[in-house]
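Please keep the sequence and the structure in view while reading.

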Amino acid sequence: HLYISVSGALGGTFESRDCGASWKPLNAGVRVDFLPDPYPEVGQDPHCVRLHPLDPDVLYQQNHVGIYRLYRPAERWERIGDNMPREVGDIGFPMTLHPRDVNTAWVFPMDGSDVWPRVSPGGKPAVYETRDAGKSWTRRDAGLPREQAWLTVRRQGMTADGCDPLGLYFGTTAGELWASTDEAARWDCIARHLPQIHAVEAAEFEA
């Protein structure tokens, strides 16, 4: 049983139940504002799709148009990003899941206005957290710049480790690497003056 998500003219999320011999679209409910038909069978732009390690029937998606959740065997995505603050919106690139809680996830929103500047809304970056599968969202910006931080986080630029409490990490287009050791309660910049960061991974090593 496989899933693949493709960003492009004929993109979207697709599912195979025969080891990849055949595929079918899995995009019902995912809006496409840039096409004449806002709900086509294909043509979506999934920025980041996550399958939960505890329950493979739970999928989350940060899309070009919104944040979504799908609980199989359902085939229609629910737009949980509608519950984000209106002034922030639910447009962004990365999404990270809590490996021990199917209802907890984090996103990093960006400005989704018509000109698509791909920066933090208002130059005030923040991670947003849900603990109830997207019914509500909480802003987590302690330690982050309060203003004039015109940056964003790429599709694979945010991750979590397996520690308890969970550690979270993200890299920015401004070349900064940020970390939280308390599940986003507070953030610290652990590296600066790097090139744009496109991907971040966490690993634990034993001496």
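In what follows, Ala, Val, Leu, Ile, Met, Phe, Trp, Tyr, Cys and Pro count as nonpolar, Asp, Glu, Lys and Arg as charged, and the others, Gly among them, as polar. The model is predicted: local features need pLDDT of at least 70 and side-chain atom pairs count only at pLDDT 80 or more, while totals for chains, interfaces and linings use all residues. Residues are numbered from 1 along each chain as its sequence is written, and side-chain values use heavy atoms, with hydrogens and water left out.

**Empty spaces**

Rolling a probe the size of a water molecule over the atoms shows where empty space is left. On a 1 Å grid over the protein atoms alone, a cavity is a set of points where a 1.4 Å probe fits but cannot get out; a pocket is an open set with protein on both sides within 12 Å along at least five of seven lines, and lining residues have an atom within 4 Å of a point. Grid points are joined across faces, edges and corners, and a volume is the space filled by probe spheres set on the points.

The structure holds one cavity of 30 Å³ or more. Its lining consists of Val-88, Pro-109, Pro-121, Lys-124, Pro-125, Ala-126, Tyr-128 and Arg-139.

| Space | Volume | Lining residues by class |
|---|---|---|
| Largest cavity | about 30 Å³ | six nonpolar, no polar, two charged |
| Largest pocket | about 220 Å³ | eight nonpolar, three polar, three charged |

The largest pocket is lined by 14 residues, of which Arg-50, Thr-96, Leu-97, Thr-159 and Ala-160 lie nearest its centre. Strand S4 (46–51), S7 and S11 each give two or more residues to this lining. Strands (E, at least two residues) are DSSP runs, numbered from the N terminus.

**The sheet**

Four strands form an open sheet in the order S11-S12-S13-S14, with antiparallel pairing; two strands pair if DSSP finds at least two bridges between them. Strand S11 (158–160) and strand S14 (188–191) stand at the edges with a single partner strand each, so one side of each is left without a neighbour in the sheet. From one strand to the next, the twist averages 25°, where axes are lines fitted to C-alpha atoms and angles run from 0 to 180 degrees between N-to-C directions.

Within this sheet, four bridges join strand S12 (residues 168–171) to the antiparallel strand S13 (residues 177–180). Leu-168 stands opposite Ser-180 in S13.

**A loop residue**

Glu-87 is placed in the loop between strand S6 (66–71) and strand S7 (92–97). With a relative accessible area of 67%, Glu-87 is exposed (over 50%, with a 1.4 Å probe and protein chains only).

Technical notes: Buried means under 20% relative accessible area, exposed over 50%, partly exposed in between (1.4 Å probe, protein chains only).
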